[in-house]
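Please find below my comments on the model under review.

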Amino acid sequence: MSSNTPAASSAGVSPSTANANVQDVSQNASQVDRLVLEYLRARGHKNAEAGLLEAIESGSTEGAGNTLSSDDLIKGLAVFAQKPSRPGENVLKDSSSVLQELSTMGNPSSIQTLIASLGTAGAEEILSLDPTDKHEGFRELESWVEGSLDMYKPEFLPMLFPIFCHFYLDLVQKGFKEAALHFHATFSPSLAPTHNVTLHHLSTLMLPSHVQNDDLAQRFRNEKYVIRMSRSGFSLLIGWLTEGVGGETPGAGEGFSGEKGKRGRAAVMRVVNNHLRFDVTSASATSVSPHAWEESTGLLSSLIPATAAQLNDSPVVPNPHTFNSSKGELKLGPAPISEELRAETERVLREQAMLERDPNAQYDAHFTRPQPLPGVVSPIEADLLPHPPSFKTIDVQREVEKVRDARKWIRLDPSALTSVDLNSTQGTSARSKALPSICAYTLHDVGEGAPCCTFSSDISLMAAGFSESYIRLWSLKGEKLRGLRSDASPDVADSSGVSRLLEPDGSSTRKLFDPLGGSAAPPKYLLSASADATTRLWSLDTMTNVVAYRGHQNPVWDVQWSPMSTYFATASRDRTARLWSTDRTTALRIYVGHLSDVDCVRFHPNSLYLATGSSDWTARLWDVQRGTCVRVFIGHQGTLSALAISPDGRYLASAGEDLAINLWDLGSGRRVKKMTGHAASIYSLAFSAESSLLVSGGADWTVRCWDVRSAGSQAKSHENGANGSQTFRPAEESNETYDSFLALKRDFSPGDSTDLLATFPTKRTPVINVHFTPRNLCLAAGYHLPLEPR
């Protein structure tokens, strides 16, 4: 051995000893650690194996002797305090005696340490993380509302929807996707009749990022949902939230007592405190109409337009009625006509009376001077939109035909059905006086996309727009459509070659004939609105596109001619409505204020005002010239789909995805009544000539007639015709089709209100347009849905 070779150190560890130590440590390791050690050893990672062994060994030695008993664990985690007289016993373990014990102990250091360690979230945030509390809380709230007295239910029911939305959004935002879907599936069916569209939208939000980027979800998060409630009803609610006091539907559950009930009510109370604002009124629950509670319910802070007082930091307008009254009186009377035009109209009427030798024609002149209704202010000529100073021959013909129509129209009197046995001979006579004759037109083989349809003022033409970007015209008089096209090829020999008007892009959404000639002459022009964000003017003489109006940035959902015929209005997905003139390609006015799509527009008969309906669940009335909002109508619980203004100018009817028709008084801005009965979306509304009858058409394959002047009442059940309305079965209707209609009505309709006069089912035809002729004949149009093959 060389002298340079060092001797073996006595402190060294032999390989056999090292292996023994490794085996001892491995035996003390958990099963997972042993598997990792075997893997590292098989792969030759000695350094990693040694490091893991060292960590296991140090962990086992540190943990030795540190095992806590159950009593020590309680002292370390729980709120622990002891008295000298009772050492080792937690005197705060009984929650009922905590306050008493704390008062006798003074201010223990352990309690000070606990308070100092609490963060800003506190226990409230910790409790909100339990998904079962929301399920239990909403179940108990729903049971409490159903178990309440009937007089309080109408004011309690609107509270369920916002609490449901916040519970669902909370679950999604905290990452409880499965719990959120289960919560939605369990409780959404009871809210579906009035909130189906919103509930479907919420069901698509499944991730926290969805909630952060969704406009509707952020509105719920950032605005307080206003609920109007009586003082006595509010007291009952507070009593239930704090003490669990209140009635419960028999068999609904175990009651509201116990820890589950307390945590559930605490979850409801957090939403009530953070996201709801109660407008408590001094009126008693019985003195308010059951449907009136909805008018001051919703996310109102952004729906009510800002006034000059608000811009000056004055108090916020608390409800839409205050805003409407602040805008003053409206001029809702008929539009005046020039004295020259009236004199010429009366001269023509006298000449025709002499030629026809009609003795009754001498009384026609008073129709040219309509008297305004009592209490209604009429505009003067200076209030109207700019119009040509002189009249034309077509203007005289239109006014003359108006007078003739007024003398010959069919008077409809819905009050004739009151106090009459509808199955008797008198009932048959009463129905003929009260209900209109309806002529229905059905489109077959439509294909994809629900078309839109309209009739001309003189009832000579019908136009329908299709999703394939074309418009088709039909003559309702059986005559050939004649027109000359500058680009028509020589082989075009009949109307089928010129009755199809093509749009370059997008699907046609609305179209309308110009009203210049009224019922005296066929229209000269046709307006169409499309998803390509344009509105187009078509000449019916040449069957060509004359002008394309561009300005909207999104699809145009509706277009409406002004009664003055020179102007028209459009509604768009870009949240605006716009006023246009046919001689300009740019908009004259832009009406801004809606928070979502503007879906429908209608002019007031005197052209001074424009009504709009939106997906933000509101309707608004705008001053056409000033561009300001003068009325806001809040009460629907879904997107508005149709509007109509009565010919006398006093009422606005609006229909929404909540399957309800609301009738509004334009003068006061208040809701007159709510009419229910449709079982699916409502597509169209129309008033009769005397404004006493309203007709609606919808996706439930029916045309329905409503009494405008009756008081109406809460919805009744369908059983045995409880509301007195009549359902007429179509001729030659198959039993299968009719049974399908009855099933649709039974499963989805919220109930017929008492002002529903009659229901006319069709043969699987959604009614997309209803229209009254100047002489009170009702026209309806729809497209047939073929039976699906079995």
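**Comments on the predicted model**

1. In helix α8, the residues Pro131, Lys134, His135, Phe138, Arg139 and Glu142 are in contact with Ala179, His182, Phe183, Thr186, Phe187, Ser190 and Leu191 of α11 (contact means heavy atoms within 4.5 Å). By class, this contact of α8 with α11 comprises 6 nonpolar, 4 polar and 3 charged residues. Here Ala, Val, Leu, Ile, Met, Phe, Trp, Tyr, Cys and Pro count as nonpolar, Asp, Glu, Lys and Arg as charged, and the others, Gly among them, as polar.

2. Residues are numbered from 1 along each chain as its sequence is written, and side-chain values use heavy atoms, with hydrogens and water left out.

3. Helix α8 spans residues 131-146 and helix α11 residues 177-203; their axes come within 10 Å and cross at roughly 10°. The two helices are therefore roughly parallel (angles under 35 degrees; over 145 is roughly antiparallel, 65 to 115 roughly perpendicular and the rest oblique). Axes are lines fitted to C-alpha atoms, for helices over the stretch in contact, and angles run from 0 to 180 degrees between N-to-C directions. Helices (H or I, at least four residues) and strands (E, at least two) are DSSP runs, numbered from the N terminus.

4. Helices α19 (residues 339-356) and α20 (residues 393-408) pack with axes 9 Å apart, at an angle of about 60°. That angle makes α19 oblique to α20.

5. An open sheet of 3 strands has the order β3-β30-β29, with mixed pairing (two strands pair if DSSP finds at least two bridges between them). Strands β3 (438-443) and β29 (767-772) are at the edges with a single partner strand each, so one side of each lacks a neighbour in the sheet. On average, neighbouring strands of this sheet are turned by 15° against each other, direction ignored. The pairing of β29 with β30 (residues 778-783) is antiparallel, over 5 bridges; His771 has Leu779 in β30 as its bridge partner.

6. Thr582 lies in the loop between β14 (576-581) and β15 (589-592). Its relative accessible area of 26% makes Thr582 partly exposed (buried is under 20%, exposed over 50%, partly exposed in between, with a 1.4 Å probe and protein chains only). Not counting residues up to four places away in sequence, Thr582 touches Tyr549, Trp561, Thr566 and Phe568.

Key: This is a predicted model: local features need pLDDT of at least 70, side-chain atom pairs count only at pLDDT 80 or more; totals for chains, interfaces and linings use all residues.
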